[in-house]
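Subject: Structure handover and notes

Dear colleague,

Please find below the structure I promised to pass on, together with its sequence.

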Amino acid sequence: MNESPDPLLDLLHLLDLEQIERDIFRGVSRSAVVPRVFGGQVAAQALVAAGRTVPAERGAHSLHSYFLRAGDPGAPIVYTVDRIRDGRSFTTRRVVAVQHGQPIFHLSASFQSHEEGLEHQAPMPAAPDPETLPTAAEMLPRYADRFSDPGVVDRLIEARAAVDLRYVDAPPFGTVGEAREPRSQVWFRTNGKLADDPLLHVCMATYVSDMTLLDSVLLAHGRGGWAVGDVVGASLDHAMWFHRPFRADEWLLYDQESPSASGGRGLGQARIYTADGRLAITVIQEGVVRVPRG
């Protein structure tokens with residue numbers, strides 16, 4: 001495995017887009033477990049592009065996005081930002097990601113100046129201390145025999161090296177053939193400290209949010225996932241709401257569930273909590289989830 005001496009620094013460089021015009025940015029990609037651009041990467045980069053056209057005092061509070069085509073990891077991605085609205089409290093941006101002359105991703109994001117207001121939230125569910133759970137490097141080799149490609153474990157570890165992501169229970173590929181409740185929990189944080197820029201923490205959470213959200217769909221049917229080969233699929237859309245401040249370099253609980261799967265699609269919804277119980281983010285994603293034919 002060819003692992004960088006500082007995977008987090010590599011990921012930060014990935015999110016540090018090159019500005020080529022006033023509202024046009026260019027990004028590169030990193031290798032992924034599957035031969036296409038990782039969806040969390042393109043979503044995070046698009047949010048970086050949008051955020052760089054917004055006053056720093058306005059934080060991202062929501063994003064809604066569609067994955068239109070599989071991205072080519074060997075080609076740059078150009079992000080074009082439309083300044084849809086600059087209001088007194090809210091700012092709206094639309095971003096289109098283009099490769100080879102075609103749009104591959106579309107994002108709308110809204111930003112808001114800080115306000116005081118009504119407060120309530122859903123309570124944080126029970127979860128074990130993340131420090132008691134195995135790291136990806138400790139956990140993944142246990143399931144090496146589940147993958148037909150012996151290189152999958154190394155690629156998974158490398159793809160997640162910048163993020164300390166720990167499963168509360170066995171991942172889908174750990175219980176292939178055993179249908180379980182369509183719920184999954186992981187703890188995550190970056191493997192290293194981040195700067196204090198709130199946009200960076202929001203973009204980093206956006207990146208991680210696409211890693212495991214459809215796990216609960218697979219669990220309901222005893223499927224192991226794309227790396228096992230008993231399903232094929234891809235993200236279709238992704239929406240996030242950022243409720244309260246958080247740091248992506250401190251432990252966050254990603255509590256995920258699937259309320260429905262039908263028509264070759266599966267829906268995942270989740271809440272992300274800080275370690276002290278504050279509801280930071282709500283996430284909803286739908287993806288193609290198909291059983292391979294013969």
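How many aromatic pairs does a search of the whole structure find? The search finds 6 of them, where rings of Phe, Tyr and Trp (for Trp, its six-membered ring) pair if their centres lie within 6.5 Å, and where planes under 30 degrees apart count as stacked, over 60 as edge-to-face and the rest as tilted.

Before the details, a word on the basis: this is a predicted model, in which local features need pLDDT of at least 70 and side-chain atom pairs count only at pLDDT 80 or more, whereas totals for chains, interfaces and linings use all residues. Residues are numbered from 1 along each chain as its sequence is written, and side-chain values use heavy atoms, with hydrogens and water left out.

Aromatic pairs

A pair of aromatic rings is described by the distance of the centres and the angle of the planes. One of the pairs is formed by F38 and Y207, which are edge-to-face, at 5.1 Å centre to centre and with 80° between the planes. F38 lies in the loop between β2 (24-27) and α2 (39-51) and Y207 in helix α5 (residues 198-209), so this pair ties together parts that are 169 residues apart in sequence; helices (H or I, at least four residues) and strands (E, at least two) are DSSP runs, numbered from the N terminus. Y207 is buried, its relative accessible area being 3%, where buried means under 20% relative accessible area, exposed over 50% and partly exposed in between (1.4 Å probe, protein chains only).

Another pair is that of W187 and W251, whose ring centres are 6.4 Å apart and whose planes stand at 80°, so that it is also edge-to-face. Since W187 belongs to strand β8 (residues 183-190) and W251 to the loop between β9 (232-242) and β10 (252-262), the pair ties together parts that are 64 residues apart in sequence. W187 is buried at a relative accessible area of 4%, and W251 counts as buried at 10%.

The chain as a whole

The chain has 6 helices and 12 strands, and buried residues make up 50% of its 294 residues. A compact globule of 294 residues would have a radius of gyration near 19 Å, and the 18 Å of the chain agrees with that; the radius is taken over C-alpha atoms, and the globule rule is 2.2 Å times the number of residues to the power 0.38. Along its principal axes the C-alpha trace spans about 55 × 45 × 45 Å. Among contacts (heavy atoms within 4.5 Å) between residues at least 6 apart in sequence, 73% join residues at least 24 apart.

Individual residues

H100, placed in the loop between β5 (90-99) and β6 (102-113), has a positive phi of about 50° although it is not a glycine. Most residues other than glycine have a negative phi. H100 is exposed, with a relative accessible area of 62%.

V228 lies in the loop between α6 (215-219) and β9 and is buried, with a relative accessible area of 18%. The C-alpha atoms of V228 and T91, which are 137 residues apart along the chain, are separated by 42 Å.

S65, in strand β3 (residues 58-67), is buried at a relative accessible area of 2%; leaving aside its neighbours within four places in sequence, S65 is in contact with F105, H106, L107, L236, D237 and H238. G27, found in strand β2, is buried at 3%, and under that exclusion of residues up to four places away G27 touches L17, Q45, P76, I77 and Y79.

S89 has its place in the loop between β4 (77-86) and β5 and counts as partly exposed at 26% relative accessibility. Among the contacts of S89, leaving aside neighbours within four places in sequence, are R58, F111 and E115.

With kind regards
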